[in-house]
Amino acid sequence: MQFLFPAFLSAIAVISIPIIIHLFYFRRFKRVYFTNVRFLKEVKEETSNRQKLRNLLVLLMRCLAIAAMVLAFAQPFIPLSSGVKKGERAVSVFVDNSFSMNALSKDAPLLELAKQRARDIVSAYGVEDRFQVLTNDFEGRDQRLISKEDALSRIEEIRSSPASRDLSKVLIRQQQCLNTGKQENKTAFVVSDFQRNIADMTNFRDTLIEVNLVPMRAVQERNVSIDSAWFESPVQILNQPANLLVKLSNRSNEEASDIRLSLRHDGQTKPVGAVNIAANGTRLDTVSFTILHAGWHEARLSITDYPVQFDDDYYLAFYVAERINVLSVNGLSQNKFLDNAFLGAKYFKLDNADARSLDYSKFADYQLIVLNELTTVSSGLALELKTFCQNGGNVLAFPSQSADLDSYNAFLQNFAAGNLGAYEPTPRQTSQVNTEEFVFRDVFLNKSANLRLPNTQGNFKIAPARGEQILTYRDGSSMLSKFPQGEGALYFCAAPLNEQVSDLVRNGEIFVPMLFKMAIAGTKGRQIAYTIGKDEVLEAKHKVSARGETNYKLRLVTQTGGGKNEGDNGQQPSANSQEFIPEQRILGSKVLLTPGTQVRDAGWYQLHLQSDSTLAEFAFNYDRKESDLAFKTDESLAEGLPKNMKVLATNVEANFSQVVNEQERGIVLWRWCVVFALLFLALEVLFLRLWKV
């Protein structure tokens with residue numbers, strides 16, 4: 001047994017006081033004369049013996065009570081290890097407040113239990129010790145040591161957060177704070193559910209800090225989440241059905257049945273149906289709806305799942321243009337077949353331009369540029385077309401029969417598209433259509449049907465390159481190839497568009513869908529959802545304000561509304577909307593926004609330069625990393641831990657302050673000393689009151 005304050009043992013000398021009082025306390029008796037002295041002598045002797053015994057017992061109780069109180073002040077303990085540390089301590093307590101801590105432990109969420117554990121830890125130490133209370137938010141105010149009272153107040157402020165940190169990074173953060181204090185004794189506590197995807201404590205190498213792992217256990221590890229959603233087509237067309245693919249995951253060992261999925265769009269909630277998901281499995285479902293207006297659209301996918309609900313909603317935002325713009329750059333004259341192909345499609349608008357009088361600044365307004373039998377491709381045009389493709393546009397090139405091979409080869413080199421050989425006036429038959437590529441994917445209901453494929457009376461030879469063949473001749477050479485460039489692509493046809501050379505223009509079942517799909521693919525696919533906590537970079541068109549304002553603002557909209565056209569007032573934000581200025585960088589006609597940690601809530605965020613106009617809209621969702629409720633057991637948690645780490649696994653009802661005290665100081669005995677002191681005093685009172693002499 002050892003003592004925390006051994007100096008108090010010197011007070012044991014106080015025991016001499018009741019002993020001295022007992023020895024020098026002489027009671028004077030009054031003499032009374034009786035006739036029968038013998039009888040009185042016997043009574044006197046008997047009474048004196050009983051009184052001496054009672055006084056000795058009272059003296060013993062007083063001495064034992066004083067000794068017990070002295071021991072209580074000296075705080076004896078039985079050490080559980082040889083290295084019991086004394087003096088002031090610096091204590092860091094990490095409370096995992098990620099969404100997975102919303103799971104239930106009997107009657108309360110794990111987060112509430114974790115906060116109680118943190119209170120018990122702080123309460124187990126003295127007022128002279130200093131504390132750090134840390135959460136997943138890694139706030140600057142938490143990177144300092146505070147008093148015991150302030151630590152208890154900070155624990156009360158902890159709320160659930162979308163942030164999630166690897167525990168090795170948490171320990172590094174605790175280490176940095178503990179090293180700022182002057183205390184030699186440094187202890188860290190990690191109160192968490194220890195999900196497998198974050199429990200990497202073995203990556204923490206510091207052995208000078210004692211680390212205690214306090215696991216929280218949920219009653220049921222069950223959760224169903226909406227992991228992601230994306231459109232089947234990169235571009236959504238007005239008044240056309242849109243297919244939205246939704247990925248759902250079941251995070252438990254039991255089948256999830258009758259999970260009801262719904263879609264909220266244009267202010268209306270549409271029940272999609274009920275789905276069943278196998279144990280530890282995923283399910284891909286398709287949600288179809290029709291887009292009835294142009295502009296910005298907000299949508300939210302929802303399921304009902306309890307108790308972990310942060311991943312039951314998935315927000316997305318997308319823009320639908322009124323039309324797709326196509327530019328035909330003509331060499332000698334316009335092609336009537338190109339004009340007629342787009343004439344009957346209201347969603348497409350074709351503009352014709354002469355190759356000798358092009359305005360390169362307007363290229364950004366188009367999604368597809370067709371090079372219609374240009375004899376030469378100037379170096380300036382080649383560079384502009386490369387930039388156009390890198391920014392998400394598509395280029396479809398039909399060379400002239402008398403094309404300048406040098407200029408075309410220089411143009412093709414920008415796209416790593418090989419070299420163009422001499423024109424060969426040899427009739428060829430197309431034999432294969434690549435229906436796996438986006439241009440012809442889902443165009444034909446029956447892919448095995450005998451399609452009438454185009455014939456050519458002559459073509460250019462294209463040297464082997466990294467391109468993907470879309471239309472192929474019988475001899476295996478390419479008639480139409482795709483060469484990706486940035487976010488767009490170059491589609492190069494080996495034969496001219498002239499109907500005297502190629503009957504492609506008269507082959508409607510190939511020519512028309514080819515043009516439409518290339519135009520749609522040329523519309524840059526905008527990301528429909530972003531993840532909170534990741535270093536997302538948002539992109540929007542730069543717009544100069546009439547008042548000269550240059551600070552873009554993002555505003556969280558918490559109520560659901562309809563779509564909005566670019567530039568109109570849109571929906572008004574609710575009273576509890578959040579607004580902030582993100583980090584921004586202007587590059588030409590674009591503005592790049594980095595919201596960083598300013599986005600904390602899932603939902604739709606509108607981009608404003610002025611308060612009365614919406615320039616763009618972005619949807620943010622919580623990170624699904626927390627959806628996986630696979631936790632490390634106490635046994636697996638203890639495996640491979642270094643010597644300075646240990647697991648404090650106790651039941652929910654345990655007095656955790658006492659557990660911490662025993663870990664820090666061994667088995668504490670001062671409480672028993674107080675109990676025995678009170679017991680001895682009670683016995684003294686009983687002897688004095690009930691023992692009559």
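Which residues in α6 meet which residues in α9? Phe337, Leu338, Ala341 and Phe342 in α6 meet Phe511, Leu515 and Phe516 in α9, where contact means heavy atoms within 4.5 Å. This is a predicted model, in which local features need pLDDT of at least 70, side-chain atom pairs count only at pLDDT 80 or more, and totals for chains, interfaces and linings use all residues. Residues are numbered from 1 along each chain as its sequence is written, and side-chain values use heavy atoms, with hydrogens and water left out.

**Helices α6 and α9**
- By class, the contact of α6 with α9 has 7 nonpolar, no polar and no charged residues; Ala, Val, Leu, Ile, Met, Phe, Trp, Tyr, Cys and Pro count as nonpolar.
- The axes of α6 (residues 336-343) and α9 (residues 508-521) come within 10 Å and cross at roughly 70 degrees.
- α6 and α9 are therefore roughly perpendicular to each other (65 to 115 degrees).

**Helix α7**
- Helix α7 (residues 379-390) has 12 residues and reaches 17 Å from its first C-alpha to its last, close to the 16 Å expected at 1.5 Å a residue.
- Leu381, Ala382, Leu385, Phe388 and Cys389 are the buried residues of α7 (under 20% relative accessible area, 1.4 Å probe, protein chains only).
- Down the axis of α7, the buried residues fall within an arc of 120 degrees, so they line one face of the helix.
- Ser379 and Leu383, on the other side of α7, are exposed (over 50%).

Notes. Helices (H or I, at least four residues) and strands (E, at least two) are DSSP runs, numbered from the N terminus. The expected span of a helix is 1.5 Å times one less than its number of residues. The arc is that of the directions from the helix axis to the C-beta atoms. Axes are lines fitted to C-alpha atoms, for helices over the stretch in contact, and angles run from 0 to 180 degrees between N-to-C directions. Angles under 35 degrees count as roughly parallel, over 145 as roughly antiparallel, 65 to 115 as roughly perpendicular and the rest as oblique.
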